[in-house]
Amino acid sequence: MVKLPFRDGYYEVRPTKIIALAKNYTEHAKEMNDEPPERPIFFLKPPSALIGPDSTIVLPRMSERVDHEVELAVIIGKRARKVPAERAFDYILGYTILLDITARDLQDEARKLGHPWTLCKGFDTFAPIGPRIVDKKELDPSDLEIGLKVNGKIRQLGRTSQMIFKIPELIEYISSVMTLEPGDIIATGTPPGVGPLRHGDKIEAWIEGIGVLREDVIAEDSILC
């Protein structure tokens, strides 16, 4: 559970699942040597990967390359099953930032072998969110600047209008497969510029109208020493 500022108080984010979109920005698909998909491609991250703002991402010993991916996250507000796109916003609580941290070398290996992505996406601390949830009534998510800096240098920069599949389409498609519960998170994909993280890095991820999500990065080995 992560508690984030929301309206005049706080909201306890307790998702039953985190649904993350793959290749939902054309330029990111290209940098991953893939073609843009014809329909949404999604995978699950475990709720145990969640951490809040001003926390620490841990680089696991199992991986030699861990990448950052900044994403607009949709927080579901009420139970949603087989929701048509034109009613999708009725089921949204609000929006925040999510970092889809990825063990890239493990993902590359899984892709070659045809294995699922659970390992490369599911480590503890691999889903930072924050710094707050913005009420859906206060923000139009259709064309917002989205970006990420590492140690003060811009790595990622784009606009949510560059998504291939927009939020209503995503909710319609995902809810036709699985029921979305209150507090569930949809991470809507990342713009290009993903890159590796190192021990000691400082991350600043932002989305226009939401704020800045800041995280430190440390190597697992440094914790055990």
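Strands here are DSSP runs of type E with at least two residues, while helices are H or I runs of at least four, all numbered from the N terminus. With that in hand, E69 sits in the loop between β7 and β8 (70–76). This is a predicted model, so to speak of local features takes pLDDT of at least 70 and side-chain atom pairs count only at pLDDT 80 or more, while totals for chains, interfaces and linings use all residues. Residues are numbered from 1 along each chain as its sequence is written, and side-chain values use heavy atoms, leaving out hydrogens and water.

**E69 and its surroundings**
- E69 is buried, at 4% relative accessible area (buried is under 20%, exposed over 50%, partly exposed in between; 1.4 Å probe, protein chains only).
- The side chains of E69 and R104 make a polar contact of 2.7 Å (N or O atoms within 3.5 Å, one able to donate a hydrogen and the other to accept it; residues adjacent in sequence count only if both atoms are side-chain atoms).
- Beyond four places in sequence, E69 has contacts (heavy atoms within 4.5 Å) that include H28, K121, Q156 and T190.

- An open sheet of 3 antiparallel strands runs β10-β7-β15, with β10 (102–103) and β15 (195–196) as the edge strands.
- Strands pair when DSSP finds at least two bridges between them; β7 (residues 66–68) and β10 have 2, and V66 is bridged to A103 in β10.

**The nonpolar core**
- The largest nonpolar core has 65 residues, with L99, I185 and I186 having the most contacts inside it (buried Ala, Val, Leu, Ile, Met, Phe, Trp, Tyr and Cys joined through side-chain atoms within 4.5 Å).
- I185 touches residues including V13, L50, I75 and I129.
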